[in-house]
Amino acid sequence: MKQSLSIIPDQWKRTGIVTIGGLLIGAGFADCLIAMNSIDLNQIARGLTIFSAGLTILVVMDNSKTQKETEKLHKETQLRMERIEDKLNALH
């Protein structure tokens with residue numbers, strides 16, 4: 001079995017990355033709200049960029065989690081199929 005050399009557990013890494021994404025979304029949204037008072041288009045654009053960066057981080061994390069779950073399900077299904085094949089060969 002492959003041993004991980006990482007000191008920080010994966011759960012903490014995911015939590016940290018999701019927290020950073022959430023903070024970026026909040027900061028971008030707040031920047032846009034502040035810019036609405038003065039109608040500063042540069043600040044609105046900066047806020048939207050920060051917001052989209054945070055949203056991108058969250059989407060990538062969700063896709064990564066979904067992909068890992070799908071790979072795990074695929075491996076389990078493959079093992080079941082191999083067991084069924086072995087049983088069929090034994091019956092034959």
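User: What makes Gly21, Leu24 and Ile25 count as residues that Gly54 touches?

Analyst: In this predicted model, contact means heavy atoms within 4.5 Å. Gly54 meets that criterion with Gly21, Leu24 and Ile25, residues up to four places away in sequence being left out. A further value concerns Ile20: its C-alpha atom and that of Gly54 are separated by 7.3 Å, although the two residues are 34 apart along the chain.

User: Why is Gly54 called buried?

Analyst: The relative accessible area of Gly54 is 0%. Buried means under 20%, so Gly54, at 0%, is buried. Its place is in helix α2, which runs over residues 41-91.

User: Why is Gln43 also called buried?

Analyst: Gln43 has a relative accessible area of 13%. That value is under 20%, and therefore Gln43 counts as buried. Gln43 too has its place in helix α2. Beyond the residues up to four places away in sequence, Gln43 touches Asp31, Ile34, Ala35 and Ser38.

User: Why is Ile7 called exposed?

Analyst: The limit for exposed is over 50% relative accessible area. Ile7 stands at 81%, so Ile7 is exposed. The residue lies in the segment before α1. The C-alpha atoms of Ile7 and Lys68, 61 residues apart along the chain, are separated by 21 Å.

User: How do you know which helix the buried residues of α1 pack against?

Analyst: The criterion is contact, with heavy atoms within 4.5 Å. By it, the buried residues of α1 pack against α2. In α1 these buried residues are Gly21, Ile25, Gly28, Asp31, Cys32 and Ala35. In α2 the buried residues are Gln43, Ile44, Gly47, Gly54 and Met61, and what covers them includes α1.

User: What makes the span of α1 close to the expected one?

Analyst: Helix α1, residues 10-38, has 29 residues. After α1 comes Ile39, whose phi is positive, near 50°.

User: How does the reach of α2 stand against the expected span?

Analyst: With 51 residues, α2 is expected to span 75 Å at 1.5 Å a residue. From its first C-alpha to its last, α2 reaches 74 Å, which is close to that expectation.

User: How much of the chain counts as buried, and what is the accessible surface made of?

Analyst: Residues under 20% relative accessible area are counted as buried, and 12% of the 92 residues fall in this class. The accessible surface of the chain comes to about 8,000 Å², and carbon and sulfur atoms account for 65% of that area.

User: What share of contacts joins residues at least 24 apart?

Analyst: Among contacts between residues at least 6 apart in sequence, 54% join residues at least 24 apart.

User: How many positive and negative side chains does the chain have, and where do their centres lie?

Analyst: There are 11 positive and 10 negative side chains, and the centres of the two sets lie 5 Å apart.

Notes
Residues numbered from 1 in each chain as written. Predicted model: local features only at pLDDT ≥ 70, side-chain atom pairs only at ≥ 80, totals over all residues. Heavy atoms only, no water. Buried < 20%, exposed > 50% of the residue type's maximum accessible area, 1.4 Å probe, protein only. Areas by Shrake-Rupley, 256 points an atom, 1.4 Å probe, with all protein chains shown as cover. Lys, Arg positive; Asp, Glu negative; His and termini not counted. Charge placed at Lys NZ, Arg CZ, Asp CG, Glu CD. Helix = DSSP H or I, 4+ residues; strand = E, 2+ residues; numbered from the N terminus. Expected span 1.5 Å × (residues − 1).
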